[in-house]
Amino acid sequence: MKRFAPYLLILPGGLWLAIFLVVPMVFMASVSTQEGDVVNGFVQTFNLSIYGDVLSQYGTQFLRSAGYGLVATVVSIVLAYPMAYWIAFRGGSRKSTYLLLVLLPFFVSFVLRTVSWKFLLADNGLLLSPLKSLGLVPDDFHVLQTTVAVIGGLVYNYLPFMILPIYVALERVDPRVVEAAQDLYAARRQAFTKVVLPLSLPGVFAGVLMTFVPMTADYVNAEILGGPANTMIGNIIQSRFLVNNDYPSAAALSFALMAAMLIGIFAYARALGTENVLEAAAR
Amino acid sequence: MSTATTSAPVTAPSAGAPAPARPRRRLLDRLLKVYVWLILAWLFLPIAVMIIFGFNDTKSKSNVTWQGFTFKWWGMLDQDPKLIEAVVNSLEIAVLATVITTVIGTLMGLAMGRYRFRGLGTVNLVLFAAIASPELVMGSSLLSLFVSAGVQPGFVTVVIAHVLFSLSFVAITVRARVVGLDPSIEEAARDLGASTWVTFWRVTFPMILPGVISGALLAFALSIDDFVITQFTSGALQTFPLWIWGATRIGVPPQVNILGTLIFAVGVVIAVVNMVTARRRT
């Protein structure tokens, strides 16, 4: 009995994950190679050429998504690191309050916050109309429907997922190690670059994984804040699946995206382990 | 503005750090503190706009420019029955998904924190994949499954999806709590003649309860906020985020701001209470 106890405890959750996470991926692969339409039904024809077709048709959107994800991730690291650093080392007894403040925005729906940004950044909105009436920016200046708006929205929405893992890694740095470095005549800068920074890198990597992946697959920001020139691969997959009901090509695009990301995710897990991400998620 | 350091004792004998380093460091710390508050202000800016524009006396469909203060929208909350239905759906889904996730996630967390067993590595990897996979991919593969199996997407499929993406978070939160337990307390209970069942409910469970509660709160917050997976698995069902998405093109009415504000207020109260009680316990 005792030997089976862990398996019995795992069973319900394990089955849920197997049936609704692993099995659907197989079905997605199957749907991607079917042919037909939603009225007459889809037939499995093992049409592998669809992958070549959709990848050449939507290569631009794939590359654009990866580019946006990359830029937004780099900006997030730059913005998040000093903040995580200050909370971890100077937050004192208020650390958990600051962390709570970082997480509180999540109680407002992600879509509603993005819509709020749309209103803020609108041509006649709260931010631009005063600037325009003061003559600080030209009248035809606009932020919405630009790359900057989409990348800004991505950074805004996913920044907490960068702050949290970096904070978790920094908080674990023993201050005595830093003191030891200073006792050994390391300048403050050296103590940071040679001791604190390397120790916090696992947190940065975890943050990169937790932001780059969802940012690249995002379609909400491009839809609400961007224009026709900012279409990301998520927008294509979403509209093919839910608007056009073109399941095979949507499934093929999603499967290709998933394959690329799973390779990255498992390479990450192999190289760096799963603990940093799991620990940050437990916060 | 006291420049005299209160915390650090004077380090005259070491002479390692030159004297000017200290004021510079304090300046840097202060700048960083200002920076932290600026980022927090940025994170809260759209939320402040959402709250304020719930009181906007707007005449047109688009609630973008300030037209004067009014309470009238609070009295007209139930004007759009579809919107109310969407909010109720969101709440029902969140409650049901939270209950299921908390039960099966706690069991997983117990197993992972307590036992070393074959397959633990695989479980870890699957939980990790569930956290790291983009919602778009999870949503589209679930839709592929439902389409292939001939299942009509709706309430049940949304609950299934919400349990799926919050399960790992609950399992990991509970695991963290289980790992921190002192096994000798349970041994003491058993030495005093308590059965396994009694030991669990009277000793183990109360000790892991804070982890279970934070896990449940997280599951609820993730569910009520979710958009992407919900859009893929909802069919014709509307939830609050889906309704807003549909309304963005024609204009979001002030009632949405008010409902968003109410949900936010409840979330803040629960999170603060949870933090304060957690602090008191430790």
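## Strand pairing in chain A

A:D37 stands opposite A:G41 of strand β2(A) in this predicted model. The two strands concerned are β1, residues 34-37 of chain A, and β2, residues 41-44 of chain A; they run antiparallel and pair over four bridges. A hairpin of three residues links β1(A) to β2(A).

## Annotated domain in chain A

The UniProt record, an unreviewed entry, lists residues 62-268 of chain A as "domain: ABC transmembrane type-1". In the model, residues 62-268 of chain A are 76% helix and 0% strand.

## Contact between chains A and B

Chain B contributes 77 residues to the contact, and chain A contributes 76 residues. On the side of chain B that touches chain A, helix α1 (residues 21-52) of chain B gives the most, with 15 residues. Sorted by class, that side of chain B has 58 nonpolar, 14 polar and five charged residues.

## Helix packing within chain B

Helix α3 (residues 81-114) of chain B meets helix α10 (residues 240-247) of chain B: their axes come within 7 Å and cross at roughly 145°. From α3(B), the contact is made by B:L83, B:A86, B:V87 and B:S90. The residues of α10(B) that take part are B:F240, B:L242 and B:W243.

By class, six residues in the contact of α3(B) with α10(B) are nonpolar and one is polar, with no charged residues.

How values were computed. Residues numbered from 1 in each chain as written. Chains lettered and ligands numbered in written order. Predicted model: local features only at pLDDT ≥ 70, side-chain atom pairs only at ≥ 80, totals over all residues. Axes fitted to C-alpha atoms, helices over the stretch in contact; angles between N-to-C directions. Contact = placed C-beta atoms within 7 Å. Nonpolar A, V, L, I, M, F, W, Y, C, P; charged D, E, K, R; others polar. Pairing = 2+ DSSP bridges. UniProt positions renumbered as here; feature names shortened; annotations may be inferred.
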